[in-house]
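I opened my notebook for a first walk through this structure. Here is what I looked up, in the order I went.

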Amino acid sequence: MESKHADQAKVKAKLSTMHSKVICCKLYVSESQNAMVVDALSRIGQKDPEVILLSKFEDEYYNRVRYTLVSYITGDSSTGEVVFSPIRKVLLAMIEAAFSAINLEFHCGTHPRIGVVDDISFHPLSQAATMEDAAQLAKLVASDIGNGLQVPVFLYAAAHPSGKSVSAVRRELGYYRPNHKDIQWAGQVLPDTLPMKPDVGPTHVSRERGATMVGAKPFVESYNVPILCKDIPTVRRITRRVTGRSGGFPTVQALALFHGDNCTEIACLLDPDHVGADQVQWLVEQIAEEQGLEVDKGYFTDLSRDIMLERKDNKL
């Protein structure tokens, strides 16, 4: 036991001092209803003591799970290029396990997705880490998936050559269009030959695996607001008024997603440096009241940046 504590202390010291550049990775997998698969991926994410699985969020209706991983990155000081991060190997193991256990053709949920491994986003977490660090690591992982596993990969934000936004990539791929009952995404949603060329990997998409998006962007917080209503078109109109595209908060991205027999959620991504969850909650309540709709208290689906850094230091 003493030996184990000593090893953990050494790893903690390495993360805290020798490697001051800390990166956060959010891995989104299209599965939450099969507990064995979700737990198996969690165990893989916890195998390397230099990678910390900080949180996991599952949603039965979305049939989707998000794993938040944190680790360090090191670079060549002469070139500024990322040369190593233990998170890369852990991610690849989790991704390979997901592809082995999940068949997209049998998947159905109320959250849009284009693949078994739908999205991987990298975020600089510590002050020493830069967006370029996150982008370089994102491109290395994209190569592992696209060239190594032969799954098409679409890059976005800082990982994309021109900084193309994730929403722009998704619109071109038809990501936001449900293909089942106007509220669900069932089976493969992409054509066998993709409508646009992937940034990495083949142009032909497997019906079992789908495609993947990989990007690097500033840290965002996820906040969901439940509206007690199953009228999706009405909630979509409310959602548009919350975002910058329709006069709401410029840094808020949001989707209206079916979430049970009498609930539709507005799933938001917030830039915590520019807008708070309380502001979003207030605006949703004001707009919903105009429609005579009741709103429940929203909830965060992940930890804040400060809590992540604190738990990173205390987890080991």
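This is a predicted model: local features need pLDDT of at least 70, side-chain atom pairs count only at pLDDT 80 or more; totals for chains, interfaces and linings use all residues.

**Notes from a first look**

Next I checked the strands beside β10. Strand β8 (residues 153–157) runs parallel to β10, and 5 bridges join the two. Val 153 of this stretch stands opposite Thr 212 in β10. I then turned to strand β7 (residues 117–124), which also pairs with β10 in the parallel sense, over 4 bridges. There I found Phe 122 opposite Ala 216 in β10.

Why is β10 largely enclosed by the rest of the structure? I looked up its burial: 5 of the 5 residues of β10 (residues 212–216) are buried, so the strand is largely enclosed. I also noted which way its residues point. Thr 212, Val 214 and Ala 216 point one way, Met 213 and Gly 215 point the other way, and all are buried.

Then I stepped back to see the whole sheet. It is open, with 6 strands in the order β2-β3-β1-β7-β10-β8 and mixed pairing. The edge strands are β2 and β8, each pairing on one side only. From one strand to the next, the twist averages 15°. I also found helix α8 (residues 305–314) lying across β1 (22–29), β2 and β3 (64–72), and it runs at about 130° to β2.

On β2 (residues 52–59) I stopped at Asp 59. A polar contact of 2.6 Å joins it to the side chain of His 259, and the backbone nitrogen of Tyr 62 lies 2.9 Å from one of its polar atoms. Leaving aside residues up to four places away in sequence, I listed Ser 32, Arg 64, His 259 and Tyr 299 as residues that Asp 59 touches.

My last stop was Arg 177, in the loop between α5 (166–173) and β9 (185–186). Is Arg 177 buried or exposed? I noted a relative accessible area of 60%, which is over the 50% cut-off, so Arg 177 is exposed. I also looked up its distance to Leu 91: the two C-alpha atoms are separated by 28 Å, and the residues are 86 apart along the chain.

Terms used:
Residues are numbered from 1 along each chain as its sequence is written. Side-chain values use heavy atoms; hydrogens and water are left out. A polar contact is a pair of N or O atoms within 3.5 Å; within protein, one must be able to donate a hydrogen and the other to accept it, and residues adjacent in sequence count only if both atoms are side-chain atoms. Contact means heavy atoms within 4.5 Å. Buried means under 20% relative accessible area, exposed over 50%, partly exposed in between (1.4 Å probe, protein chains only). Two strands pair if DSSP finds at least two bridges between them. Axes are lines fitted to C-alpha atoms, for helices over the stretch in contact, and angles run from 0 to 180 degrees between N-to-C directions.
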